[in-house]
Amino acid sequence: RKEVEQDPGPFNVPEGATVAFNCTYSNSASQSFFWYRQDCRKEPKLLMSVYSSGNEDGRFTAQLNRASQYISLLIRDSKLSDSATYLCVVSYLPRDDKIIFGKGTRLHILP
Amino acid sequence: DAEITQSPRHKITETGRQVTLACHQTWNHNNMFWYRQDLGHGLRLIHYSYGVQDTNKGEVSDGYSVSRSNTEDLPLTLESAASSQTSVYFCASSESTGDYEQYFGPGTRLTVT
């Protein structure tokens with residue numbers, strides 16, 4: 001099993017819809033979790049950290065499920081500008097010097 | 001505003017040449033990282049540093065080296081460029097406390113011919 005796995009997509013979603021995707025990880029020693037978005041040929045940009053209690057930032061909600069070893073991202077009322085690749089990141093810092101990036105899930109918001 | 005910059009943004013070099021990619025951050029972060037990104041792979045960690053004079057090897061460090069002489073800069077050197085090192089290189093920095101959220105530079109697209 002890969003350390004971090006994401007459905008590569010693409011997810012083609014009409015504007016205004018809600019979309020959700022998951023990321024699974026295999027090592028329970030992981031310390032921190034993040035979602036990044038990456039636009040074509042650009043640098044990854046931090047979207048949000050992910051906590052067990054769940055966290056929300058506007059239309060975005062992230063959730064961590066340590067028991068089942070997955071994190072999720074929910075996007076409500078999707079906008080055309082949400083079209084991007086979403087990267088799941090699992091960090092083992094500071095206990096272990098390892099940061100694992102998923103290969104990303106491509107999202108296309110359709111007008 | 002604090003930022004992280006990389007130079008050059010694009011570079012074409014020949015096999016066997018030494019190449020240095022620059023990374024400069026004004027966040028005053030202790031932690032700095034170098035990644036490469038290739039089709040079919042996620043970002044892969046090359047080298048990282050937790051502070052001045054500290055450097056560590058990542059997952060794909062062969063053929064690369066870094067040095068950290070100050071807080072702001074972590075240059076990445078390809079000792080003898082190979083075609084397999086054609087890639088997009090991203091530098092990142094993070095705080096040394098909290099969640100270690102990383103902030104990325106704009107990337108350098110390197111082509112080795």
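**Entry 1: the A/B interface**

I looked for salt bridges across the interface of chain A and chain B and got 0, going by the rule of a Lys or Arg side-chain nitrogen within 4 Å of a carboxyl oxygen of Asp or Glu. I'm working with a predicted model, where local features need pLDDT of at least 70, side-chain atom pairs count only at pLDDT 80 or more, and totals for chains, interfaces and linings use all residues. Residues are numbered from 1 along each chain as its sequence is written, chains are lettered from A in the order in which they are written, and side-chain values use heavy atoms, leaving out hydrogens and water.

The rule finds 4 residue pairs here, both residues at pLDDT 80 or more.

Which elements give two or more residues to chain A's side? I noted strand 4 (32–38), strand 5 (45–50) and strand 10 (99–101) of chain A, strands being DSSP runs of E, at least two residues, numbered from the N terminus. Strand 4 of chain A gives the largest share, 4 residues.

I also checked the contact itself (heavy atoms within 4.5 Å): chain A puts in 19 residues and chain B 19 residues.

**Entry 2: a sheet in chain A**

I then found an open, antiparallel sheet of 5 strands in chain A, ordered 1-3-8-7-6; strands pair if DSSP finds at least two bridges between them. Its edges are strand 1 (4–6) and strand 6 (55–57) of chain A, each pairing on one side only. Strand 1 of chain A meets strand 3 (residues 19–25) of chain A over 3 bridges, antiparallel. I looked up Q6(A) too: its bridge partner in strand 3 of chain A is C23(A).

How values were computed. A polar contact is a pair of N or O atoms within 3.5 Å; within protein, one must be able to donate a hydrogen and the other to accept it, and residues adjacent in sequence count only if both atoms are side-chain atoms.
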